[in-house]
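Trainee: Could you take me through this structure, question by question?
Mentor: Gladly. Here it is.

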Amino acid sequence: VTGSRALSGIALVLALGAGLACRRPDPVRVAGGDPGAGRDAIAGYHCGACHVIPGVRGARGVVGPPLTGFAQRAYIGGQVPNTPENLVQWVMDPGAIEPGTAMPALGIPETQARDVAAYLYELR
Amino acid sequence: MTLLGLLFAAASASGMGLGDDRSVLSPAGTGAEHIARLGWPVLVGFSAVSIAVWGLLAWAALRRTGSLAEHAPVDVGGGERWIQLGGFALPALVFGVVFFAALRTLARFPMDPAADRSGVVCAPGGKAQIEVVGHRWWWEVRYRLGDSTDHFTTANEIHLPVGVPIDLDLRSADVIHSFWVPRLHGKVDLVPGHRNQIRLEASRAGVFPGSCAEFCGLQHAHMRMLVIAEPPARFEAWLAAQRLPSRPAASDETRRGETLFATGPCAACHTVRGTPARASLGPDLTHLASRSTLAAGSLPNDIATLHAWVVDAPALKPGTQMPPLGMFSGGDLHALVAYLRSLE
């Protein structure tokens, strides 16, 4: 009986540890970025013409990659690490990071690009 | 439920809660004004009849006493007047009045606009100034004012001068469509092999949405158009700008786009006046950037959507005759879109 109690204790500790380890990572913060405004900007620039973007109405595009779970992606454009500053640059001018990419620069100003990046990091 | 339904129908008919007003009950043109003058009394009158009938039913239901079994056999005496008056005389009166009122409204529209074009601004030879050709699923719009060198073709947007009656020839390139701009006039079908006509006169400036009103296939619901009524001076300026061929490409990128357009698959279907692209299977793109929508009013005309549309139009509008064009490199695609956006 004592042995089985000890075993359950170990199991409990293991389960708690696993729970902690599997907890979702903290949201990535983009300095100066507002996710709500970002979602509006994404809708306004019609990013959804090419991308599937969860939470944005009508964003069912198949021309570019889906942005589901974007916060978990390791790379942006297959080129640079997925960091907030890289993402802001990518949103503003993808060709500067990946020359020859089909993704256009939409003329998004930096403040709005920060909002867009903030929203994309909500997609976990 | 029915009352709620009625209120809902009335609310949606008057365009409440819609971003853009398409209601026949808020007319902005002579034809629609005649129709609304008939429509309002019909809507109000028929609503009143419905309310009265449901009221009487409710009254009868509440007045009934005892169980159904107690009432058998049914008392047959004394109800004949209700049937004679309510079931025959009243409907005959109402439908008679509506019938003759509708005939009077119809009489205000010329049966054959070509027969009397006094006061109508016409193309040379007394022809209708504008020809609209329905395609699956977009509208070709041909302006025929002036001599033949002044003629031009555009798509999905019809500009009109305010206060001037203008005749439109209506034709179809494939199946039956129907031309309907609710705030300007009623519906007229576009029938293959036949020429129909409609006379539009906008009584105020504005942008009036229209759509195909005859089921014509997969994208019937996305076969829309905009009628833009503007003061005569602005209309003339628009005409003058549309008559011009496209401006020569001004930058290296747009020049690259122009070459891609004229030598690639685009020129197999589209015209850009002033370039070798002269095909007419798809919309004339000479002044594409001056239009506010793509794909017959179904998509916004902006950078992102234009990229996606060029690469994979069927993904955005399943069934469209425009094929997916996946052969462009990223750089070519940007050049092509930059060129299209320079076609003002």
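Trainee: How many residue pairs are in polar contact across the interface of chain A and chain B?
Mentor: First, the ground rules. This is a predicted model, where local features need pLDDT of at least 70, side-chain atom pairs count only at pLDDT 80 or more, and totals for chains, interfaces and linings use all residues. Residues are numbered from 1 along each chain as its sequence is written, chains are lettered from A and ligands numbered from 1 in the order written, and side-chain values use heavy atoms, with hydrogens and water left out. A polar contact is a pair of N or O atoms within 3.5 Å; within protein, one must be able to donate a hydrogen and the other to accept it, and residues adjacent in sequence count only if both atoms are side-chain atoms. Across the interface of chain A and chain B, with both residues at pLDDT 80 or more, the number of such pairs is 3.

Trainee: How many salt bridges cross that interface of chain A and chain B?
Mentor: A salt bridge is a side-chain nitrogen of Lys or Arg within 4 Å of a carboxyl oxygen of Asp or Glu. The side of chain A that touches chain B has 10 nonpolar residues, 4 polar and no charged. Here Ala, Val, Leu, Ile, Met, Phe, Trp, Tyr, Cys and Pro count as nonpolar, Asp, Glu, Lys and Arg as charged, and the others, Gly among them, as polar. The rule's count across this interface is 0.

Trainee: What area do chain A and chain B bury between them?
Mentor: Buried area is the accessible area (1.4 Å probe) that two parts lose on being put together, summed over both. Contact means heavy atoms within 4.5 Å, and 14 residues of chain A touch 15 of chain B in this way. Carbon and sulfur atoms carry 73% of the buried area, and the total is about 940 Å².

Trainee: Which residue forms a salt bridge with B:Arg144?
Mentor: The closest N and O atoms are 3.7 Å apart. B:Arg144 lies in the loop between S2 and S3 of chain B and its partner in S1, so the pair ties together parts that are 13 residues apart in sequence. The partner is B:Glu131.

Trainee: Where is B:Trp137 found?
Mentor: The peptide bond from B:Arg136 to B:Trp137 is cis, with omega near -10 degrees. Most peptide bonds are trans. B:Trp137 sits in the loop between S1 and S2 of chain B.

How values were computed. Helices (H or I, at least four residues) and strands (E, at least two) are DSSP runs, numbered from the N terminus.
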